[in-house]
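Here is a short report on pockets, cavities, helix packing and backbone details. Please look over the sequence and the structure before reading on.

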Amino acid sequence: MLNDRLDLLTDYPFQRLADLLGGAPGPDTIIMSIGEPQHAAPPMVARIIAEQAHLWGKYPPAAGTPDFRAATAVWLTRRFDLPAGLIEADKAILPVAGTREALYLIAQTVVGSGKKRPVVLLPNPFYQVYVGAAIMAGAEPIFVPGADGPASQPDFSTLPDDILDRVALAYLCSPGNPQGSVADADLLERTVRLARRHDFVLAVDECYSEIWDQAPPPGALAACARLGEGLANVLVFHSLSKRSSVPGLRSGFVAGDPTVMAAFGRVRSYGGAAIPLPILAAATALWQDEAHVEENRRLYRAKLDIAEHLLGGRFGFTRPPGGFFLWLDVGDGEAAALRLWREANIRVLPGRYLSRDGVGDRYIRVALVHDLDTTERALTRLAQVL
């Protein structure tokens, strides 16, 4: 009665964590296991949604509004210094109900059947949706560890041709979840060329691109601009959840290869969630404003300062160039998570739940999503207990 591919999925990481720890979080628990930004949402969000309340009575178009597509095209062009006209707003951009939906559905769009079982490449460690998308699309997931260890980005070009010739889709996440590593311009260009040579889709998850420490991370579309051939074979995924601290808004977009985007739009017309018009209006305004994003970055940098002060020289601590996670080597991630729960009332996520083949077993992921005082209190407890 059920799809037998479900048997190939492990439990979702947060269910595994609940099974490990037992018991529900109490009012004094500091939850650092989930990347749910707790900074205050920009005031414009509530105001615009209230102003557009009359639009709740309309079915939203799956392609969003012209204003939304134009705003995101302008943002991409400015942020990644793209040549004018590279992003055609009406052909290369679609809004999505948060990028988790889109990252899952892209596998349903591009993974086909053939004589040889198709392959989906994933970073290791990884965001768990990539695995579920690959398995449920009938592909073989291949986990590729970082080229320079568990805190680095994978280099898919090191794989043999007999694997690369079977690849239908490759996921890359930069800055990475969980380790915050950034794919530099050379790696991005090399990976784009690889996707074109072996004719697979490169899906680059750039949801953390606006949470950076010293320098803005390069983007895959900028790599496309440098290489020429337009946006062929490449999609990027962006979200307001992290950039604007509105995870509950469930608003993001996908941009890239117009041919793939047209097919993706067809799939979403059957199984995707259209974004309500009041939310699209608020999202449009958020993509047009940078002041609140700069304040977000300031707060995350301040939390990294706290982490460096309290944890520097321990647990293999390195200051992540992007994102808001710490990826700490504690010897045994599950044991450390259990101890922090029992002795410090803190929930963190074992790296084993975000990796395969032992790559993340020694690590925990710690999300720096709370205010400064809560972050300092939690990291002080962590340092004392571990």
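How much space lies in the largest pocket? The answer is about 490 Å³. The model behind this value is predicted.

## The largest pocket

A total of 26 residues line the largest pocket. Closest to its centre are G35, R100, Y127, K242 and R250. Three helices each supply at least two lining residues: α5 (99-110), α6 (128-136) and α10 (240-243). The largest share comes from α5, with 3 residues.

What is the lining made of, by class? In the largest pocket there are 13 nonpolar, 7 polar and 6 charged residues.

## The second largest pocket

The second largest pocket holds about 320 Å³ of space. Its lining has 22 residues, and L9, Y12, Q128, V129 and G132 are the closest to its centre. Here α1 (13-21), α5 and α6 each give at least two residues to the lining. Helix α6 provides the largest share, 7 residues.

By class, the lining of the second largest pocket divides into 13 nonpolar, 4 polar and 5 charged residues.

## Enclosed cavities

How many cavities of 30 Å³ or more does the structure hold? There are 3. The largest cavity contains about 40 Å³ of space.

Its lining is made by P123, P125, S152, Q153, P154, C173, G176, N177, Q179 and S181. These residues of the largest cavity divide into 4 nonpolar and 6 polar, with no charged residue.

## Two cis peptide bonds

The peptide bond from N124 to P125 is cis, with omega near 15°. P125 sits in the loop between β3 (119-124) and α6. P125 is also one of the residues that line the largest cavity.

Where is the other cis bond described here? A cis peptide bond joins S174 and P175, and omega is about -5°. P175 belongs to the loop between β5 (167-173) and α8 (185-198). The largest cavity is lined by C173 and G176, among others.

## Positive phi outside glycine

D81 is not a glycine, yet its phi is positive, about 55°. The residue lies in the loop between α3 (66-79) and α4 (89-92). Is D81 buried or exposed? Its relative accessibility is 69%, so D81 counts as exposed.

R250 also has a positive phi, near 50°, and is a residue other than glycine. R250 is in the loop between α10 and β8 (252-256). Its relative accessible area is 33%, which makes R250 partly exposed. R250 is also among the residues closest to the centre of the largest pocket.

## Helix α15

Helix α15 spans residues 372-385, 14 residues in all. From its first C-alpha to its last it reaches 20 Å, close to the 20 Å expected at 1.5 Å a residue.

Which residues of α15 are buried? They are T374, T375, A378, L379, L382, A383 and V385.

Several elements cover the buried residues of α15. Among the strands are β1 (30-31), β9 (325-329), β10 (346-347) and β12 (363-367). The cover also includes the helices α13 (291-311) and α14 (333-344).

## Helix α2

Helix α2 covers residues 44-51, and M44, V45 and I48 are buried in it. Why do the buried residues of α2 line one face of the helix? Seen down the axis, they fall within an arc of 100°, so they line one face.

What do these buried residues pack against? The buried residues of α2 pack against α12 (277-287). The face of α2 turned away from the buried side carries A46 and A50, which are exposed.

How values were computed
Residues numbered from 1 in each chain as written. Predicted model: local features only at pLDDT ≥ 70, side-chain atom pairs only at ≥ 80, totals over all residues. Heavy atoms only, no water. 1 Å grid on protein atoms, 1.4 Å probe; cavity = no way out; pocket = protein on both sides within 12 Å on 5 of 7 lines; lining within 4 Å. Points joined across faces, edges and corners; volume = space filled by probe spheres on them. Nonpolar A, V, L, I, M, F, W, Y, C, P; charged D, E, K, R; others polar. Helix = DSSP H or I, 4+ residues; strand = E, 2+ residues; numbered from the N terminus. Expected span 1.5 Å × (residues − 1). Buried < 20%, exposed > 50% of the residue type's maximum accessible area, 1.4 Å probe, protein only. Contact = heavy atoms within 4.5 Å. Arc of directions from axis to C-beta.
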